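Keep the picture open beside you as you read.

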Amino acid sequence: MIGRIQKTLLGKHGVQGLDDEAHRLRKQMFMSLMTPERIEVLMAITAEEWQARARLWALRNEIVLYDELHELLTRAACAWAGVPLPESQVRQRTHEITALFDAAGSVGPAHWRARWARKRADRWIENIVGRIRSGQIRPPEGSAASIIAEHRGSNGELLSPHVAAVELLNVIRPIVAVGVYITFVAHALHQFPECRRKLEAGDDTSFTEMFVQEVRRFYPFFPAVAALVRRDFEWGGYRFPRGRRVILDLYGTNRDARTWDEPEAFQPERFRKWDGNPFNFIPQGGGDHDLDHRCPGEWITIGLMSQATKVLSRHIEYDVPEQDLRIDYSRLPALPRSRFIICRVKENANDPI
């Protein structure tokens with residue numbers, strides 16, 4: 001990826017910049033965190049955070065959902081990853097982590113704030129890694145903090161404190177960034193009320209997952225990923241010379257009319273017939289999770305979005321006031337211009353969180 005993205009979103013020397021055996025070894029470190037049991041733990045932690053936030057939201061006239069999700073997910077991500085987060089630091093760390101993705105594609109002051117947030121976040125997690133290795137902190141066995149702090153590279157040595165910090169943030173930051181997709185979940189529930197009615201009824205248990213997949217297909221997040229050509233090759237009639245930067249169009253691939261019928265329509269049921277092709281539905285990269293650069297956290301994303309869909313459609317009640325819900329495609333990540341405002345929030349007494 002281009003330098004400004006490395007210096008904000010990804011950090012330097014992380015798994016995204018590796019190739020071949022070094023990449024496969026580092027990728028397996030991440031894949032080891034993605035067991036159904038570990039993901040279930042994250043869902044349980046996040047459910048508690050949803051419950052706590054819903055109680056707070058009920059005391060306020062209105063809330064900006066996108067902004068509120070940052071702290072909810074930061075608390076859950078740190079608890080799940082085994083990273084201590086004192087109450088006095090919650091707001092600061094939430095701002096730092098959010099800046100890594102919310103201003104990643106910006107220019108000017110916002111970009112420099114994101115660069116500064118990256119430096120602070122790296123120092124914070126480097127300190128955590130050092131304290132784990134010295135025995136001052138003992139994260140839960142199997143947690144991201146434990147596995148990454150103890151991981152050894154292909155040379156048999158522990159990752160440097162900086163690289164370990166980058167990789168631990170590569171677990172925490174994407175979980176917080178799922179708030180973008182959850183905001184789109186809320187947007188879809190409002191814009192497509194027939195989908196909300198099906199979810200509220202709960203008659204089709206597979207509809208929640210189809211709805212989530214359609215949100216991931218239909219809405220933009222980061223529109224593309226980039227790479228450098230390592231060896232000259234030809235494909236599809238095009239020549240790719242070594243050193244050329246290539247952009248993979250995620251958003252366009254997910255809306256390609258050669259693959260998707262009526263791609264501009266929001267139709268969750270299309271996923272009843274989807275064949276699972278790893279190259280035509282690529283909101284988080286294409287290919288094989290173990291071998292390629294497809295995001296290892298894809299199951300976490302789907303889990304958190306499914307949970308949020310149930311919370312927003314069944315477990316809490318709220319009103320959506322008049323606001324500007326047009327998607328702002330000029331920013332990365334794209335968002336509704338209002339960031340989705342809700343009001344008069346209350347838990348559903350018949351179906352609480």
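To sort residues by class, count Ala, Val, Leu, Ile, Met, Phe, Trp, Tyr, Cys and Pro as nonpolar, Asp, Glu, Lys and Arg as charged, and the others, Gly among them, as polar. This is a predicted model, where local features need pLDDT of at least 70, side-chain atom pairs count only at pLDDT 80 or more, and totals for chains, interfaces and linings use all residues. Residues are numbered from 1 along each chain as its sequence is written, and side-chain values use heavy atoms, without hydrogens and water.

On a 1 Å grid over the protein atoms alone, a cavity is a set of points where a 1.4 Å probe fits but cannot get out, while a pocket is an open set with protein on both sides within 12 Å along at least five of seven lines; lining residues have an atom within 4 Å of a point. Volume is the space filled by probe spheres set on the points, which are joined across faces, edges and corners.

The structure holds 1 cavity of 30 Å³ or more. The largest cavity has about 60 Å³ of space, and its lining includes Tyr181, Phe221 and Pro283. By class, that lining has 9 nonpolar, 1 polar and 1 charged residues. Helices (H or I, at least four residues) are DSSP runs, numbered from the N terminus. Helix 11 (residues 250–254) gives the most to the cavity lining, with 3 residues.

Now turn to the second largest pocket, with a volume of about 270 Å³. Its lining has 1 nonpolar, 4 polar and 6 charged residues. Helix 5 gives the most here, with 5 residues. Arg53 and Glu71 are among the lining residues.

**Charged contacts**

Which side chain meets arginine 53 in a salt bridge? The partner is glutamate 71. A salt bridge is a side-chain nitrogen of Lys or Arg within 4 Å of a carboxyl oxygen of Asp or Glu, and the count by this rule comes to 29. Three of them are set out here:

| Salt bridge | N to O distance |
|---|---|
| Arginine 53 and glutamate 71 | 3.1 Å |
| Arginine 239 and aspartate 232 | 3.9 Å |
| Glutamate 264 and arginine 255 | 2.3 Å |

Buried means under 20% relative accessible area, exposed over 50%, and partly exposed in between (1.4 Å probe, protein chains only). Arginine 53 and glutamate 71 are both buried, whereas arginine 239 and aspartate 232 are both exposed. Glutamate 264 counts as exposed because its relative accessibility is 55%, but arginine 255 is buried, at 12%.

Key:
Helix = DSSP H or I, 4+ residues; strand = E, 2+ residues; numbered from the N terminus.
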